[in-house]
Amino acid sequence: MYFLIWGFLVWLGATLIFRFFGHFFFHPENALLLLLSYLLVVPFIFLLTYPLYKLKDLTKEERLKAAMFIVLPGMFIDTVVLVIFPDVFTNLPVQSDRYFGSWLLWAYSLILVTGLPLKKREGR
């Protein structure tokens with residue numbers, strides 16, 4: 001339940017950021033800003049997950065389950081949000097919805113990747 005709530009809070013925070021500041025990131029005519037939004041989310045996702053896994057002292061198997069629970073609330077809610085995109089993200093051009101949807105898939109995929117067990121190198 002903890003990770004579902006965390007996932008909802010992450011979704012809420014990201015949605016509010018893009019609702020009020022998304023016009024700085026998602027302009028179809030500005031490829032550099034789009035690229036930066038994809039790149040900058042990588043360290044942010046790792047900061048939102050790995051310290052939490054460590055704090056909760058999760059096993060490899062528990063990490064994957066936690067990652068799934070983190071993404072579920074946002075993925076469910078975003079299925080509706082993307083349908084009413086112009087009403088939710090009034091500050092974004094409607095044609096940026098495909099970039100936003102793509103970015104969401106990227107971010108959710110990164111969260112799921114953080115749950116995958118990392119192979120330890122032999123001799124370490």
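A word on burial before you click: a residue is buried under 20% relative accessible area, exposed over 50% and partly exposed in between, using a 1.4 Å probe and protein chains only. You're looking at a predicted model, where local features need pLDDT of at least 70, side-chain atom pairs count only at pLDDT 80 or more, and totals for chains, interfaces and linings use all residues. Residues are numbered from 1 along each chain as its sequence is written, and side-chain values use heavy atoms, with hydrogens and water left out.

**Stop one: a tyrosine pair**

Select Tyr53, which is buried at a relative accessible area of 3%.

Rings of Phe, Tyr and Trp (its six-membered ring) pair if their centres lie within 6.5 Å, and planes under 30 degrees apart count as stacked, over 60 as edge-to-face and the rest as tilted.

**Stop two: the ring cluster**

The structure holds 13 aromatic pairs. Back at Tyr50 and Tyr53, the ring centres are 6.0 Å apart and the planes at 85 degrees, so that pair is edge-to-face. Select Phe18, Phe26, Phe85, Phe89, Phe100 and Trp103 together: ring pairs link them into a cluster. Within that group, Phe85 and Phe100 are both buried.

**Stop three: the largest pocket**

A pocket is an open set of points on a 1 Å grid over the protein atoms alone, where a 1.4 Å probe fits, with protein on both sides within 12 Å along at least five of seven lines; lining residues have an atom within 4 Å of a point. The largest pocket has about 400 Å³ of space, the volume being what probe spheres set on the points fill, with points joined across faces, edges and corners. Select Ala14, Phe18, Val41, Phe44 and Trp103, the closest to its centre of the 24 lining residues. Colour by helix and you'll find α1 (2-21) giving the most to the lining, with 7 residues.

**Last stop: a lysine over a ring**

Zoom in on Tyr2: Lys56 lies over its face, at 3.9 Å from the ring centre. That label requires NZ of Lys or CZ of Arg within 6 Å of the ring centre and within 35 degrees of the ring normal.

Note on methods:
Helices (H or I, at least four residues) and strands (E, at least two) are DSSP runs, numbered from the N terminus.
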